[in-house]
Amino acid sequence: MNTDLRLLHDELERSEPGLDTGDAAAERFTRLVLDHLIEIGRVEDGRAAVWEGPAGRGVGRVTGYGIGEQGDTLDLFAAEIGGPDELRSLRADDLDRLAGQAGRFAEMALKSGAAATDDGEGAAMVAAIRGVRGRLRRVRIFIITDAVSAARRMPRRNVGDLPAEIEVWDLPRLARSMSVEGEGEPIDVDFENSTFGCQPFLRLDGGGEHSTFLMMVPGQVLAELYEEHGAGLLEFNVRSFLSVRGKVNKGIRETVLNEPDRFLAYNNGIVVTAESVYERFVPGVGKAIARLENVQIVNGGQTTATIHDAARRLGADISNVAVAAKVVIVGSAVRDEMVKRISRYANTQNPMQQADLSANEPFHVAVERLSRSTWCAGGERRWFYERARGQYDVELTREGNTPAKRVKFLQQTPKELRFSKVDLAKYLNAWGRRPHDVSLGGQKNFTQLMEDLRRRNGLSWEPDQQWYQDLVAVALIWQAAERVVRWEGIPAFRANVTAYLVALLSARSSSRLDLRKVWNAQTVSAELETMLRSWALPVRDALVSGASTRQRNPTEWFKREECWTEVCAMDLAMPERLPGEFELGMRPIDLMPSGSSPGSSDLTAAARVKGIGAARWTGIAEWGSRTGRLHWRQSAIATTLSGMAAQQWRKDPSPKQVDAAISILNVVEQHAPELVG
């Protein structure tokens with residue numbers, strides 16, 4: 001357990017260098033845990049923000065919050081953190097105190113006349129909560145701690161007139177969930193003790209390493225599972241289904257609302273995997289499934305999420321909804337590989353992209369390979385890309401199996417030189433002048449980056465060593481920006497200021513800053529650091545005043561492209577003698593090839609579209625319709641482009657047509673490259 005404590009604090013120190021004590025430590029710990037809970041699908045969104053003060057008849061305190069996508073769930077986080085050297089326990093009265101403080105804060109924030117005690121992130125949090133108070137349906141309080149607790153959940157309570165669930169994420173639970181093997185906590189389905197009872201089934205096959213059943217799952221069971229576990233129930237499923245309001249799910253939604261008793265007839269059903277199954281004999285029925293353990297829905301995420309949404313948001317009666325389910329019982333030894341294959345082969349509601357398991361995409365595999373083989377100048381140290389959480393610790397254990405080897409590994413691959421997928425997304429989007437995307441938060445920013453990479457470059461593009469070295473140089477610039485923000489004592493919105501500083505440096509240098517010089521030195525010059533420091537407070541002031549002028553919540557304003565446009569136009573002082581990294585004769589450095597920066601990259605994309613002849617565009621349209629690989633609208637766009645090509649492109653395709661065409665070409669290159677060869 002002491003090892004788990006040390007590893008947790010090592011991870012905290014890596015992600016948040018220079019950890020302070022008190023509120024700063026609690027805020028940074030909250031940020032670390034929040035990113036993880038978003039990653040595993042336990043919460044939809046959130047950000048760290050400390051608020052403490054008088055509330056009702058006592059003290060209110062929280063260290064972070066999140067608001068669900070539908071605006072009807074308020075998540076509150078209460079962090080309690082100690083040091084890396086002393087293993088502590090939290091008693092029941094400690095948990096009750098933390099839950100009570102969070103509850104009192106919520107009641108205060110939801111009152112019309114209540115006022116925040118500061119003008120920073122705490123005030124922004126109160127304003128955001130107040131903005132959705134009319135839609136809130138429930139509150140969830142997450143107690144997060146590096147101590148050990150005997151409790152996982154606490155009894156429900158009320159916050160004002162809202163029901164509040166309380167979860168405890170202590171050291172053992174965090175350690176299990178954040179380990180390299182961790183896939184979230186096992187989800188069990190107990191039919192026997194539900195209102196529906198054990199469910200009949202039909203056995204299709206059995207023996208060997210798996211067995212398969214057919215059964216019906218009540219819609220209410222699916223909705224309740226999704227309510228409790230969210231996207232964690234769909235860990236191996238498509239991640240893009242989580243927005244359930246699009247036309248893709250219109251048929252599912254209309255059936256639930258208008259013809260729930262016909263849902264079984266109209267819907268294709270779901271595919272479920274489980275690690276074990278328990279059967280019971282039911283008089284008049286025979287053998288029935290009583291319990292499934294370690295359940296995942298690997299196909300049917302849209303069905304599940306839409307049933308839940310129709311019941312929760314639209315008030316649909318789902319008591320008569322039944323869903324056909326194919327249940328595959330598969331042991332842990334082959335579970336990962338088999339589940340991925342089931343997910344890939346079975347998913348037919350939307351064309352399945354390799355992107356659904358983004359860590360396994362060629363791009364991430366290539367970055368990992370480059371990080372293992374590319375050494376810093378002098379050949380003594382290297383950076384370490386964690387394609388999957390916990391890889392660094394696994395490598396350290398494997399390579400450092402003796403004290404001498406462990407010391408050597410830590411010297412060659414220091415912990416401070418490792419970075420994650422979320423870090424990579426911050427670096428690329430900030431340097432790509434999209435600090436508003438970075439301000440969306442770790443997981444959403446990562447999603448935005450990957451969507452852009454796939455749209456622009458397809459799924460098969462792999463970076464080279466020079467690209468990787470430029471990426472590390474941007475990481476060093478990001479770290480420098482973090483340092484100057486800390487040195488200036490900026491109390492709130494530090495992450496946003498950092499992202500905007502890096503984006504401004506990219507813009508002011510026209511992306512011609514000599515990243516190779518930064519790579520070779522493995523640091524930025526004192527002159528560049530001084531320049532960034534002189535910008536930090538003006539940038540912070542511009543961000544906050546922009547939100548104030550528009551009477552917007554600051555954290556929401558920072559996510560808007562208009563915010564970046566305004567900050568980019570600032571008149572920032574440049575030193576008479578530019579830092580040595582500025583090489584104005586250099587080529588612009590684009591870390592998103594044929595990608596996201598305006599101007600030349602858009603022309604490159606348009607040229608790619610116009611390079612396809614009329615006959616080929618016609619062939620693409622016919623192929624898309626025949627195979628179903630393209631949406632009917634995409635096939636229609638391909639037909640339109642065929643006509644434009646036949647007229648020798650007398651009219652250029654619009655930017656929207658270019659974007660749509662690039663998406664089409666990426667699908668074609670993945671599934672039928674001969675059509676564009």
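**Close-up views of a predicted model**

**View 1. Strand β14 and its two partners.** Strand β9 (residues 210-218) pairs with β14 in the antiparallel sense, over nine bridges. Within this pairing, Pro 218 has Ala 322 of β14 as its bridge partner. Strand β10 (residues 270-274) and β14 run parallel and are joined by five bridges; here Thr 273 stands opposite Val 328 of β14. Seven of the nine residues of β14 (residues 322-330) are buried, so this strand is largely enclosed by the rest of the structure. The model shown in this and the following views is predicted.

**View 2. The open six-stranded sheet.** Six strands form an open sheet in the order β1-β2-β3-β4-β6-β5, with mixed pairing. Its edge strands, β1 (47-55) and β5 (153-159), each pair on one side only. On average, neighbouring strands of the sheet are turned by 30° against each other, direction ignored. Strands β4 (residues 138-145) and β6 (residues 162-169) run parallel and are joined by six bridges. Ile 143 has Val 168 in β6 as its bridge partner.

**View 3. Helices lying across the strands.** Helix α2 (residues 23-39) lies across β1, β2 (58-67), β3 (73-80), β4 and β6. The angle at which helix α2 runs to β1 is about 130°. Helix α5 (residues 171-178) lies across β4 and β6, and runs at about 75° to β6.

**View 4. An aromatic pair between helices α11 and α17.** Across the whole structure, a search finds 12 aromatic pairs. Phe 363 belongs to helix α11 (residues 362-373) and Trp 467 to helix α17 (residues 465-487), so the pair ties together parts that are 104 residues apart in sequence. Phe 363 counts as buried because its relative accessibility is 3%, and Trp 467, with a relative accessible area of 6%, is buried.

**View 5. The aromatic cluster containing Phe 419 and Tyr 427.** Phe 419 and Tyr 427 form a tilted aromatic pair, with 6.3 Å centre to centre and 50° between the planes. Both residues of this pair, Phe 419 and Tyr 427, are buried. One aromatic cluster is formed by Trp 383, Tyr 385, Phe 419, Tyr 427 and Trp 478.

**View 6. Arg 418 and Lys 421 over aromatic rings.** Arg 418 lies over the face of Tyr 392, at 4.7 Å from the ring centre. Lys 421 lies over the face of Phe 446, at 5.9 Å from the ring centre.

Methods: Residues numbered from 1 in each chain as written. Predicted model: local features only at pLDDT ≥ 70, side-chain atom pairs only at ≥ 80, totals over all residues. Heavy atoms only, no water. Buried < 20%, exposed > 50% of the residue type's maximum accessible area, 1.4 Å probe, protein only. Helix = DSSP H or I, 4+ residues; strand = E, 2+ residues; numbered from the N terminus. Pairing = 2+ DSSP bridges. Axes fitted to C-alpha atoms, helices over the stretch in contact; angles between N-to-C directions. Contact = heavy atoms within 4.5 Å. Phe/Tyr/Trp six-rings, centres within 6.5 Å; stacked < 30°, edge-to-face > 60°. Lys NZ or Arg CZ within 6 Å of the ring centre and 35° of its normal.
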